[in-house]
Amino acid sequence: MLWLLLLLPLRTLGAFEKTLGVSPDLISKYVPSKSNTWTCLDGSKTISWDDVNDDSCDCADGSDEPGTGACPNQPFYCKNEGHIGSFIPSSRVRDGLCETSCCDGSDERPGVCGNVCQEVGQAYKKKVEEEMKIRKTGAKIRSTYIAYAHKEKKRLDGVIESSAAEIAIQEKEVSRLRDIAERAESLSAAALELKQQSPLYISLITHSNALKSLQREHKKHLEREKELSNILDALRTGYNPNYQDMAVLEAVRGWEEIAGLPHINDVGKDSVSDEEAGVQEDTSSAVVETNEELDDEMWSAEELDKDLDDLLNSDYVSLLLEHDEYVQSPPEGSVLFNLASYLPDSILPQYEEFRDALTTWLVTLGVIKGETPSSTDTSRSRQALTDAENNLNSLKKEKQTAENDLKEIFNIHGYGYEGEWKKLDGTCLRTDVGDYTYEVCLFGEAKQIPKKGGSTFSLGKFASWNPSTDVKPGDESYYQKQIYNRGTRCWNGPERNVVLLLSCGTENVLNSVVELEKCEYQFTGTTPALCRPLDGSEGKDGKKSYGGKDEL
Amino acid sequence: MRSVALFGAIAALLALPEAFAVKSHDFKTCSQSGFCRRGRALAARAQEAQSSWKSPYSVDPTSISVSPENATAKAAVKSSLYPEIKFGLELRIHDDGVVRVLMDEVDGLRKRYDEAASWALVSEPTLSKGIRWAVGKKELRATFGKTNDIEIVLQYEPLLVRLRRGGEDQIVLNGRGLLHMEHFRTQTLKETVEEVASDENAEGQEVLQTENVRAWFEGDSEDDYWEEKFSSWTDSKPKGPESLSLDITFPNHGTVYGIPQHATNLSLPSTTGDSPSYSDPFRLYNADVFEYLASSPMSLYGSIPVMHAHSADSTVGIFNAVGSETWIDISYPSKKSTQTHWISESGIMDVFLLPGPTPEDIFAQYARLTGTTALPPHWSLGYHQCRWNYVSSDDVRTVQRRFDEEDMPVDVFWLDIEYAQDHKYFIWDHKTFPDPVEMTNDVAATGRKMVVIVDPHLKRTSDYPIYQEASDLDVLVKPKSGEGEYEGWCWSGSSSWIDHFNPASWDWWVSKFKTSQIDTGFSWTESTEDVHIWNDMNEPSIFNGPEITMPKDTIHYGGWEHRDVHNINGMLFHNNTAQAVRLRSEIPKRPFVLTRSFYAGSQRISAMWTGDNLGTWDHMAVGIKMVLANGIAGMAFAGSDVGGFFGNPEPEMLVRWYQVGIFSPFFRAHAHIDTKRREPFLLDEPYESIIRDLLRLRYTMLPIWYTAFRENSISGMPIVRPHYVMFPQDTAGFDIDDQFFIGSSGILVKPVTEKEKTEATVYLAEDQVYYDYFNQYAYRGASKGKYITVTAELHQIPVFIRGGSILPTRERPRRSSPLMKLDPFTLRVALSKTGTARGELYLDDGITYSHQQGELVWREFVAEKPKKKTVRISSRDLASQNPGKAVDGVVLAEYDPKNAFAKEIEEVRVEKIVVLGLNSKPSAVKLESGADLKWEFVPGVAASEKKEGTASVLTIKDPKVLITTDWAILIS
């Protein structure tokens, strides 16, 4: 029996060397045949068992060298006893460097790397524990978000219910008012048509249309001007001083003169120009203003901006009817109708008889207008109807909004299956990088705000969660990325956009902003909304980490 | 982030690739340059006068003095136009047969700039001994050379210098009578001349007549003598006209190469004569040309005034040591002759005639003059990943991590200008790079390095210590007044430039790169010895200067005008930087400094790249030609930005560009700030895997590259060699510049530089077998030359092994090259048609200068046929046999094969030997010492056959032989 005892350790030792770098699930395949041969795992070739792990590549698939690095693209399995086993690529086997991911040092020549799995394991454990702690705290906060979502749901349910009731009442009111208005209008329609033939009214409508068109064109021009000034601002701050292109230089100088800006080369040069930079902010709004004296009755730009809409929204029909009152009042009706006041009482009855006959006759002939049911009454009833309808519409809208919000709350594409993001709707996160403050209002807009004056740029509006086709909506990785796009266009470049990368954290914060490519920003931040609660299955990293991710 | 807006102007051009265009109005044509216009007008008058034209310059025979001891002859020269002006001519014959021809004005009003050669030359050349001058009545002669077949002839009237060999003119100076050295004069006021001219008295007549007497040669007017305007700039020209015109004719050579840097063919197209290729002369005036053209004689970032004239019979060359702006007209009066006309703005005549007669001789002769490429740090032959800009230290870490995750090798990460706060180089922007030392250490943890940019423009603010110290030291370039500091505009805004001609700047500049605190001011404590340097913008590029550079009337050390030293200026900057990087550590380490601007001699210290190329196919193609042209002009460590600096190359173009890049001596990917990121790990399949394989192929071949660098450092032989260098007698190959060989390895590459190509034609110049590197297919060349067609799908590069070569490679992929140090070698033995092969391998620590103490391994591998049916493959030591030729600049008295470095790698073995083209399956493969080896044989075409097809392949598994020891294997 002694020979057996002696043989056993030797054989074990041999087998250990031959299976260096072999993963546990393949270890059963690394045994020699009876004739001491071995077949490559892809079956392509049978080689001598001596050729396995002999630091010389024989198999096309590289499977004969799991432990030496002699064949490219082979995974090398480090047992890492005391820690977690992991794979490293063969390019790291025997390269003289100690890998944290191969803490047992089995990938290097003996004596190169010690076994540090104890320390690595402990550090890893500590790190995992810390992460768990954050996650636990975060998950608690997250549960309050979910509670908020539920409360919000309740509130919205209430809104929907109460607005539904109000809508029912208001609908009845609308139909009542519509009856009245329609009755009144049917009487007055013919008269109104006649009044609308008035040259004054026609002219008023024409003026109104002209003014509306003018306003539309004016707005277009204002927008164009704004765009142009943005372009010129970008040119001014961004032009390449290279090559002293005179056309560019003149454009910049011309713009600075018109806009009352200091020359860009002087900005920030010294303390004096810092003040100038301050001035620049004030003057930038003056760009569109004009300094001309206004006639008394002329509107200022501000008034035009504010009050023109109201003016144009006037109800011209009502005005026409009101106008009638003015035209008719001082000699209320014609002399004919009021003559009676000048007549002696004795002949009054005869006169009235005559008058009635005459007016009837005249009215019939169309020479004068008879009195009609009051057009103001018609207008008023119409107004009442309109008001009621508006009220109804806003109630409906309120209900619709509430219904939509309700739908979004528990939508995986919206505020998440559990509604955990609802609470963060409109929450703005900020961070300072260099001369700018970066801000992202979740589900809203991302911005770049200069600290020293100048234009704020939109970096884009919320577009979607992680759009990658590899990611399943609703998964954790889906919510780890938000896309904000269609921000302000870069001068001669693309529209700015933001990728917001989020991870679990106990606070809602923006940690970093980088512009990896021109106008493409990457924000990173944390939020408790991503701290999903721990449920036994997580927390243990059983995944193979192949590809160099350190365990630390 | 400021850069978002800053470089918008460039984006306009990026958005519209068809709008790519050089701003040619920013740069002068010959007709806008006074002295070039005068020079060309002179040539035109000579052309018109034909045989009646006679150079006004002549040698005074009575003045000749010869000195046999130092091989020098001197003579007085005068011009019939200005009999009162004195010139001196000197001929010096060097010990290697090079003849130096110097001419200067003697006792002039001022002194012509005469220091160009002192910057270019590696040392004062050794003169020949025992030259016998024959002073004749009409000419002075001397015969010399190993076989006494070279002759230098100085004809007195008119002045003419001929270099002759075998009784034939090789190089002729002033053969066309275009020599003209404008002497210094005082300005005569124009009004006076006109007044006198309008005056009818006799004196006035005389003046007019005098003018006319010179007009046949000099022209009628004083064209831009005293002031020159270009665009909005005025060059004050306080010294007046001082240009030098010289015609150099090669009566028996029909092809010329050299005078980099130009984006053009290797074989230089004509600029004058019948239907010239270009209308302007080639120009040498270091310039930052934005979006340069892919075919143009316009000057670019660097200038090396060396030209080779080649024919099937011989090669000769000239090196014109001039530092001022120079224009060169080239014409080919016949297929077998070449005329050139060199017009320089200032400086003495200092021309070296290189007698050849082979390309190898020319390289050796030029290397004796200006030096060779110092052996670079080994890691610098790996892959360099650059971008304008990696925006933060975390960005750098992420890029590194991604390379590792994708298992792609890379050695160097680069930082462009945005790392520096307000473009104050050395000063990190801590908002984005809070931890530069830690970042560098993280990169260095895997054996990698960083290269960080340091540009020459210094921001003029008192809080910038580099500027402030330079200002206090008074070592900044001065404005034309000679007082104060020249101020110009560059990335850093208002800037000044160090005058590296001023010796006071040298030690100071060296001290700035110390990584530890120094007593005397700023030192770069926020860097480590793993940080190397990129010197860009050193033409110098000045945004608001004439032609985007420094005004010619600014003043350098010694009172020299910038016009005198312009082309040398960039070299001094990168030279001093390289010294600084070398000297910052206790034990000096080899510096890596990349320069954009360069001059003759730059090769001794730095690598160069071809500047801001465009992401277009034609720029990819011309990049190869430019690297070849630089290589033959000594600037061997060269490359073009992979992917193109401007633009967003599509994946196909990027893959093809990596195929070009891995076969360039310097291999770097770089991209403009407005481009999309394009690091190889960002590509989709199959592109990503193709590029991974390409990167790994580069690393596999690093032993071949390093061996080629050693050879270059000794002999000056280019690292990438065009056809005419390999086959000087094959006229069909003279114009080939789209395929090349790597060193003496026998690797022939023909990169594909056209869109959607699936095939390539390759020229094989000799009757030899060429094996496809990847599939071992054996192609046959022909002694008359032959084109073969090979498949070249996107994942394929036409790479061949010339029959008769042995290639040492390292086939194990690693993250970076230092991690390959102990990896075993594979030998590919590509048998020639006679069944033999040879190859070399050079190794050293790749970092320090210990190789100069003999710590190196230099091996030769030989396959021979000692018996008819036996092939013997052996390894032997070359260093012991040639200790004097092992290392550049050092003659090792003896070599110890057991030196410290050899011991470090003593366990490194040969893991595999692949023999291509054996006649038949061997009966036995064994070590000469007896042991049988394991092997496999796949039958195929034999090298000795005439047919084409896949070659027979013998694979010897793990022959158990070491790389540092002698061994032999017998195949019977």
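**A guided reading of chains A and B**

In chain B, the hairpin of β7(B) and β8(B) has five residues between its strands, and B:Gly145 takes a positive phi near 100° there. Strands are DSSP runs of E with at least two residues, helices are DSSP runs of H or I with at least four residues, and both are numbered from the N terminus. This is a predicted model, in which local features need pLDDT of at least 70, side-chain atom pairs count only at pLDDT 80 or more, and totals for chains, interfaces and linings use all residues. Residues are numbered from 1 along each chain as its sequence is written, while chains are lettered from A and ligands numbered from 1 in the order in which they are written.

Two strands pair if DSSP finds at least two bridges between them. The strands β8(B) and β9(B) form a hairpin of their own, with four residues between them. A residue is buried if 20 or more other C-beta atoms lie within 10 Å of its own, exposed if 12 or fewer do, and partly exposed in between, with C-beta atoms placed from the backbone. Five of the six residues of strand β8 (residues 150-155) of chain B are buried, so this strand is largely enclosed by the rest of the structure.

Chain B is divided into domain 1 (34-182 + 245-254 + 334-355) and domain 2 (723-971), bounds that come from an automatic or database domain assignment. Taken over C-alpha atoms, the centres of domain 1 of chain B and domain 2 of chain B are 46 Å apart. An unreviewed UniProt entry lists residues 373-708 of chain B as "domain: Glycoside hydrolase family 31 TIM barrel"; such positions are given in the numbering used here, feature names are shortened, and annotations may be inferred rather than shown by experiment. The span 373-708 of chain B is 33% helix and 11% strand, and its end C-alpha atoms lie 11 Å apart.

Chain B also contains an open sheet of eight strands with parallel pairing, in the order β31-β30-β29-β28-β24-β23-β22-β32. At the edges stand β31 (638-639) and β32 of chain B, each with a single partner strand, so one side of each has no neighbour in the sheet. Within chain B, strand β22 (residues 384-385) and strand β23 (residues 412-415) pair in the parallel sense over two bridges, and B:His384 stands opposite B:Val412 in β23(B).

The residue B:Phe663 lies in the loop between α14 (651-661) and β32 (668-669) of chain B. B:Phe663 counts as buried because it has 25 C-beta neighbours inside 10 Å. Two residues are in contact if their C-beta atoms, placed from the backbone, lie within 7 Å. Leaving aside its neighbours within four places in sequence, B:Phe663 is in contact with B:Ile742, B:Val749 and B:Pro751.

Another open sheet of chain B has seven strands with antiparallel pairing, ordered β33-β34-β35-β40-β37-β38-β49. Here β33 (720-721) and β49 (949-950) of chain B are the edge strands, each with a single partner strand, so one side of each is left without a neighbour in the sheet. Two bridges join β33(B) to the antiparallel strand β34 (residues 740-742) of chain B, where B:Phe741 is the bridge partner of B:Arg721.

Chain A has 11 helices and 12 strands. Of its 552 residues, 23% count as buried. Among contacts in chain A between residues at least 6 apart in sequence, 48% join residues at least 24 apart.

Confidence remains to be considered. The model scores ipTM 0.87 and pTM 0.84. The pLDDT is the predictor's confidence in each residue, from 0 to 100. Chain B has a mean pLDDT of 94, with 95% of its residues at 70 or more. Over residues 1-19 of chain B the pLDDT is below 50, and this stretch has 40 contacts in the model beyond near neighbours in sequence. For chain A the mean pLDDT is 80, and 77% of its residues reach 70 or more. Residues 268-290 of chain A have pLDDT below 50, with 25 contacts in the model beyond near neighbours in sequence. Where pLDDT is low, the predicted coordinates should not be read in detail.
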